[in-house]
Amino acid sequence: MISGILPFSTSILILGAGPAGLAAALAAARQAELVTIIDENPAPGGQIWRGGPARWKDRRAHTLWRQLAACSNVRIVYGVRIVAAPGNHEFLLETSDGPQKISWEKLIICSGARELLLPFPGWTLPGVTGAGGLQALIKAGMPVEAKRVVIAGSGPLLLAVADTVRRAGGEVISIVEHRTTMELMKFFLALLKAHRGKLWQALQLFWHLKYFHYRHDARVIKAHGEQRVRSVSLVHKGKTLELPCDFLACGFGLTPNLEIASLLACEIRNGHIAVNEKQASSQPDIWAAGEACGIGGVDKALAEGRIAGLGASGQLIDGRDSTKREQAQEFADLLNTCFAPDSDLRKLCRPDTLVCRCEDVSAVQLAAHSDWRSAKLMTRAGMGACQGRICGAACQFLFEWQAPGLRQPVFPTKTSTLAAIGLANGFATHENNNDNH
């Protein structure tokens with residue numbers, strides 16, 4: 001495996017160096033002439049195995065990495081972001097060395113997911129993050145020793161984040177779980193019945209967190225502070241409490257990253273990339289795996305990544321791989337059933353709560369419109385730095401609007417990147433002619 005050298009063309013291009021991307025690369029390397037992985041992060045692992053080999057605790061990650069290291073036909077390049085698709089089987093990339101094009105014969109999209117951030121009073125204060133966001137910051141080296149942390153939302157991720165805070169020396173003031181005790185009991189009974197390995201993992205986490213205050217049937221209603229968060233109000237079983245904190249991490253779930261799949265006109269179904277039994281998308285020569293195909297965790301990502309790598313490189317798919325994928329999908333379905341955001345969370349957002357934090361657009365301003373396009377035209381929602389990735393998903397949940405559309409460039413980029421290949425005028429014309437944006 002070679003790092004840091006970006007080829008101008010490759011047999012198989014893999015987008016994302018998380019578990020799905022690494023598994024796909026290893027499977028494809030046995031047959032493909034050249035496999036290239038690109039990732040915008042500075043180290044492999046994605047969000048699940050964040051921080052690179054020195055920080056990994058999952059043995060599967062180290063095993064994959066060792067096996068990939070022995071593959072001379074695998075290249076992995078960091079700090080690379082896709083800006084556009086100027087031609088068939090071609091991407092314009094922004095890299096630390098400037099703009100570059102890369103062409104590919106086969107493509108595997110392992111673009112992962114991002115957090116669903118739901119607005120509530122005070123959510124824009126410094127120190128208020130997503131649950132996964134806080135975990136990522138800690139893994140990247142942000143100090144939280146002796147800092148007071150409240151972790152709120154729903155799902156097993158809250159426990160994993162609390163354990164990360166504990167290991168880093170932070171003080172977990174409370175874990176605030178939205179689901180009721182009865183709903184959590186049903187989830188654990190389902191684990192006992194069909195996913196005992198996952199149950200054991202959960203019990204181990206609970207043991208490590210046994211001294212922390214774990215509140216069921218509770219939800220955050222407001223973060224307090226001026227220059228940064230200082231306390232949080234929550235409702236627990238009908239009573240309002242206020243807890244002091246230095247950080248508030250909220251986990252309301254994840255949403256797949258679909259920008260590249262949408263750019264390439266892959267079918268999107270039920271909020272994720274639609275694939276067949278070989279992980280092939282609706283477009284020829286394009287496969288997909290991992291969270292972009294539906295939120296499900298590392299087991300699902302590994303199974304789907306391997307199948308996608310085999311499929312893209314023309315190899316036969318073993319029945320055991322399909323079985324592993326099915327088992328992982330069953331667990332993913334259970335998580336979605338038990339912890340998907342419910343309509344009650346819409347009540348957290350008050351009329352004066354900012355929904356688009358980039359452009360300072362409140363919920364009441366948005367509520368005056370019937371759809372995303374109208375709201376964007378009249379309020380500038382979604383026209384800030386995040387390009388609607390945060391507020392667009394929030395509006396989809398709050399108002400049941402269709403998700404924001406996509407235009408090129410996919411991400412905010414330097415004008416020099418576009419000018420270097422003569423695309424700046426073309427994109428400007430596209431923008432002016434596209435009445436959807």
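Tutor: In this predicted model, Ala131, Gly132, Leu134, Gln135 and Ile138 in H3 meet Leu157, Leu158, Ala160, Val161, Thr164 and Val165 in H4.

Student: What makes these residues of H3 and H4 count as meeting?

Tutor: Contact means heavy atoms within 4.5 Å, and the residues named in H3 and H4 are those that meet. By class, this contact of H3 with H4 has 8 nonpolar, 3 polar and no charged residues.

Student: Why is H3 called roughly parallel to H4?

Tutor: The axes of helix H3 (residues 131-139) and helix H4 (residues 157-167) come within 9 Å and cross at roughly 25°. Angles under 35 degrees count as roughly parallel, and therefore H3 is roughly parallel to H4. The crossing in which H3 passes H4 is left-handed.

Student: How do you know that H1 is roughly parallel to H8?

Tutor: Helix H1 (residues 19-29) and helix H8 (residues 298-312) pack at an angle of about 30°, with their axes 7 Å apart. The cut-off for roughly parallel is under 35 degrees, so H1 is roughly parallel to H8. The crossing of H1 and H8 is right-handed.

Student: Which residues of H1 and H8 meet, and how do they divide by class?

Tutor: From H1 come Pro19, Ala20, Ala23, Ala24, Ala27 and Ala28, and they meet Val298, Ala301, Leu302, Gly305, Arg306, Gly309 and Leu310 in H8. The residues of this contact divide into 10 nonpolar, 2 polar and 1 charged. Arg counts as charged and Gly as polar, which means that Arg306, listed for H8, belongs to the charged class.

Student: What makes the pair of Arg114 and Glu259 a salt bridge?

Tutor: The side chains of Arg114 and Glu259 meet at 3.0 Å, N to O, and a salt bridge needs a side-chain nitrogen of Lys or Arg within 4 Å of a carboxyl oxygen of Asp or Glu, so the pair is called a salt bridge. The pair links distant parts of the chain, with Arg114 in strand E8 (residues 113-115) and Glu259 in helix H7 (residues 259-263), 145 residues apart. By this rule the count comes to 19 salt bridges. Side chains of opposite charge can pair when their charged atoms come close.

Student: Why are E13 and E15 said to stand at the edges?

Tutor: An open sheet of 3 strands has the order E13-E14-E15, with antiparallel pairing. Strand E13 (218-225) and strand E15 (239-244) each have a single partner strand, so one side of each is left without a neighbour in the sheet. The twist averages 25° from one strand to the next.

Student: How do you know that E14 and E15 pair?

Tutor: Strands pair if there are at least two bridges between them, and strand E14 (residues 229-236) and E15 have 6 bridges in the antiparallel sense, so they count as paired. Ser231 stands opposite Pro244 in E15.

Student: What makes E7 and E20 a pair?

Tutor: Here 3 bridges join E7 to strand E20 (residues 286-288), and the two run parallel; the requirement is at least two bridges, so E7 and E20 pair. In E20, the bridge partner of Ile109 is Ala288. Strand E6 (residues 90-95) is joined to E7 by 6 bridges and runs antiparallel to it, and E6 and E7 form a hairpin with 2 residues between them.

Terms used:
Residues are numbered from 1 along each chain as its sequence is written. This is a predicted model: local features need pLDDT of at least 70, side-chain atom pairs count only at pLDDT 80 or more; totals for chains, interfaces and linings use all residues. Side-chain values use heavy atoms; hydrogens and water are left out. Axes are lines fitted to C-alpha atoms, for helices over the stretch in contact, and angles run from 0 to 180 degrees between N-to-C directions. Helices (H or I, at least four residues) and strands (E, at least two) are DSSP runs, numbered from the N terminus. Angles under 35 degrees count as roughly parallel, over 145 as roughly antiparallel, 65 to 115 as roughly perpendicular and the rest as oblique. A crossing is left-handed if the near helix is turned anticlockwise from the far one by less than a right angle, and right-handed if clockwise.
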